[in-house]
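Subject: Structure for you to look at

Hi,

Here is the structure I promised to pass on. Please open it first, then read my notes below.

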Amino acid sequence: MSVGKGRDPESASCSPVPLQEMDPDVSVLLECAVWRGLAEAEVQVEVSESFNRQTDAALESHIEEVWAKRVTREPWLFNGSKFRLHSFTFDSSKFPPSQTGCQFTKHLPCAPPKQRQPTTDGGDRGEEESRCPEGEGAFNPTPQCTDGRRSQQGNGDCDHPALGCLAGVDPGCGPGVRGSTRAEAGPRLTLRLGLTSYKDFLGTNWSERAGALRRRGETELNDPCGLLAQPLGVGGVLCTSDGKVVLIRRSQRVAEAGGLLDIPGGHPEPQAVCPCVSDGVSQDPISIAVVQRSPKAVVSEIFSSVCAEIRDEVNVPLGSLGGPVLMGVALNHTSAGRPSAEFYVSCSLTSEEVRELYWRGGAEANESTDIVFLSTKELLQLDSSRPLWSELCPSAKGAVLLYQLVRPDASIGPEQTSSDQQKHDEKE
């Protein structure tokens, strides 16, 4: 079934959120619905200095000025290296047979929807209507079929990056939940990464000049994100054994979205893949040459970091967590389109067991003040018309949208047909 098509939202309680109803603060850059998510063995990275942000002396001076002010006000801030998401590619040869007629090109993070409003904590959202760069390497929001037709939902423009790279693709056609054959397929997705830092993020994406930097990047570099840090975050939709999804209420002390509901998350750390940093913690710049020598370690860090965040924020032991499943990447437009990889993670504990562990306190217990549980059915029905939606921070909204699109926990095997998928959805 295509996203937002072919099913009446009024008659189907678990239908995905129609694209036109999406929140302007968040959109979906890429989603992996055709495979119901990707396992670690199906993702690879390409790390290069050419994927770093562009800069000049004036911008560097601005970044240093912003950092000095923030550290004076918040001396606990830590400037560590981060991975920068530049673009990505899919291996079209590994699409299911029903999708081999579609070809996908390199994607660049797209501009936010128009009519953005300014924030009070930096991150100028502007009131601009931006389009993605034209020509080679431009963000292509829909698959281009070999007979020249576009998929159902594409309009050729980039005003709605939430269309994502697989918009219009029927999730039911994929091989279903990961099985023994999934790892044998090899990488299906390549993430193109550079390096950046938290300081650069505050001085670009979260700066009051973010809107101007986007416009300048589009004009000078044919890339609206070319001057932005774009650090890759991670988040986890944690599902308990009794079918509950974990949300935590962010502390007022955290740098962003204080008091709002979120999913456990953070950032994968380049320091973790560098043998020169024994404790995995350093404010010194990481050499991209060192990171390039360990591409599999980078993928492992991206996947394992979401479990580490769940452990530290919710106090759930790693041994209770299943292997993370990558649902896709969402963009947070309150911070100029910062990307976050969103995962589905199963848990062998019940919601009551998780609740008890949370209140005992984990390593990062100070980052949240409460824990909330939603049923998976409630998560599938959640959209902007529900009061709870306004309590979600952008990263949580992006994860919810991806969960609704990808359905990674649907127990559909590779031997089942699209007809079987339809019966399964109707039963729910």
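Asp200 is buried in this predicted model. Its relative accessible area is 13%. The cut-off for buried is under 20%, so Asp200 qualifies.

Where does Asp200 sit? Asp200 lies in helix H3, which covers residues 198-203. Set aside its neighbours within four places in sequence, and Asp200 is in contact with Arg53, Ile63, Asn205 and Ala229. Asp200 and Trp67 are 133 residues apart along the chain. Their C-alpha atoms are separated by 8.4 Å.

Next, the nonpolar cores. The largest one has 51 residues. The residues with the most contacts inside it are Leu189, Leu191, Leu193, Val291, Ile302, Phe343 and Val354. Which helix gives the most to this core? Helix H6, residues 295-314, does, with eight residues.

Leaving out neighbours within four places in sequence, Val354 is in contact with several residues, including Thr240, Val246, Val314, Ile371 and Phe373. There is also a second, separate core of 28 residues. Among them are Ala33, Val245, Ala330 and Val406.

Finally, the whole chain. The protein chain has 10 helices and 13 strands. Of its 428 residues, 58% are buried. Take the contacts with a separation of 6 or more: 77% of them join residues 24 or more positions apart. The chain exposes about 17400 Å², and carbon and sulfur atoms supply 48% of that area.

Best wishes

Methods. Residues are numbered from 1 along each chain as its sequence is written. This is a predicted model: local features need pLDDT of at least 70, side-chain atom pairs count only at pLDDT 80 or more; totals for chains, interfaces and linings use all residues. Side-chain values use heavy atoms; hydrogens and water are left out. Helices (H or I, at least four residues) and strands (E, at least two) are DSSP runs, numbered from the N terminus. Buried means under 20% relative accessible area, exposed over 50%, partly exposed in between (1.4 Å probe, protein chains only). Contact means heavy atoms within 4.5 Å. A nonpolar core is a set of buried Ala, Val, Leu, Ile, Met, Phe, Trp, Tyr and Cys residues joined through side-chain atoms within 4.5 Å. Accessible areas come from the Shrake-Rupley method with a 1.4 Å probe; for residues, only the protein chains shown count as cover.
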